[in-house]
Amino acid sequence: MPEVSTKPYLLRAIYEWCTDNGYTPHIAVVVDASTRVPMQFVKNGEIVLNISFEATSGLKMDNDFINFSARFGGVSRDISVPVENVIAIYARENGQGMAFEAPAVLAAGETEDAPESAPGSLPPPGLASVPTADKTNANNKPAPDDEPEPPKKGGRPVLTRIK
């Protein structure tokens, strides 16, 4: 009997951790022919989905697929995502979670239905770590762009709403 991947178990564990701590779980998914999502929300071959209890209906996280219904622009849609296409699960509030490797077929730059990508085409989307840069000069003083701007004087404070 073939061994079952640990990935679906880790996804369910992080989902439970998020909900137990009052966080909003999100998954990042590589979209291919076996993924059923609203295509108008796909960017660079990926989509991020809110899988919280409040955002979904009938969430079912099996070993092979994650299925649920969710509203996009006020329209209810049935979503089906292969577990192998999930590249990350994390809490929206603090970014804590876990990232996974992209599916092998997609990581090689091709999909199940498409031939190999053409020479000179962009690599497939995926997660990568970003190195932090030490912004000090040779004298261990902060770089000039790190100095905070002085507070502005006068005027009323303005509330900026960010969606």
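Modeller: From the N terminus on, the elements of the protein chain run α-β-β-β-β-β-β-β-α. In total, the chain has two helices and seven strands. Please bear in mind that this is a predicted model.

Colleague: Which residues touch the most other members of the largest nonpolar core?

Modeller: This core has 23 residues, and those touching the most other members are Leu-11, Ile-27, Leu-49, Ile-51, Ile-66, Val-81 and Ile-89. Two or more residues come from each of helix 1 (7-20), strand 1 (25-30), strand 2 (46-50), strand 4 (65-72), strand 5 (75-82) and strand 6 (86-91).

Colleague: With which residues is Ile-66 in contact, leaving aside its neighbours within four places in sequence?

Modeller: Ile-66 is in contact with Leu-11, Ile-27, Leu-59, Lys-60, Met-61, Ile-79, Ser-80, Val-81, Val-83 and Val-86.

Colleague: Why is the aromatic pair of Trp-17 and Tyr-23 called tilted?

Modeller: The ring centres of Trp-17 and Tyr-23 are 5.3 Å apart, and a pair requires centres within 6.5 Å.

Colleague: Why does Trp-17 count as partly exposed?

Modeller: The relative accessibility of Trp-17 is 32%. Buried would need under 20% and exposed over 50%, so a value in between is called partly exposed. Tyr-23, with a relative accessible area of 27%, is partly exposed as well.

Colleague: A search of the whole structure finds two aromatic pairs. What does the pair of Phe-41 and Phe-72 tie together?

Modeller: Phe-41 and Phe-72 form a tilted pair, 5.3 Å centre to centre with 40 degrees between the planes. Phe-41 lies in the loop between strand 1 and strand 2, and Phe-72 in strand 4, so the pair ties together parts that are 31 residues apart in sequence.

Colleague: Is Phe-72 buried or exposed?

Modeller: Phe-72 has 15% relative accessibility and therefore counts as buried, since the limit is under 20%. Phe-41, at 38%, counts as partly exposed.

Colleague: What makes Arg-92 and Glu-93 a salt bridge?

Modeller: Their closest N and O atoms are 3.6 Å apart. The cut-off is within 4 Å, so the term applies. By this rule the count comes to one salt bridge.

Colleague: How do you know that Arg-12 lies over the face of Tyr-9?

Modeller: Arg-12 is at 4.7 Å from the ring centre of Tyr-9, and the distance limit is within 6 Å.

Definitions and conventions. Residues numbered from 1 in each chain as written. Predicted model: local features only at pLDDT ≥ 70, side-chain atom pairs only at ≥ 80, totals over all residues. Heavy atoms only, no water. Core = buried A, V, L, I, M, F, W, Y, C linked by side-chain atoms within 4.5 Å. Buried < 20%, exposed > 50% of the residue type's maximum accessible area, 1.4 Å probe, protein only. Helix = DSSP H or I, 4+ residues; strand = E, 2+ residues; numbered from the N terminus. Contact = heavy atoms within 4.5 Å. Phe/Tyr/Trp six-rings, centres within 6.5 Å; stacked < 30°, edge-to-face > 60°. Lys NZ or Arg CZ within 6 Å of the ring centre and 35° of its normal. Salt bridge = Lys/Arg side-chain N within 4 Å of Asp/Glu carboxyl O.
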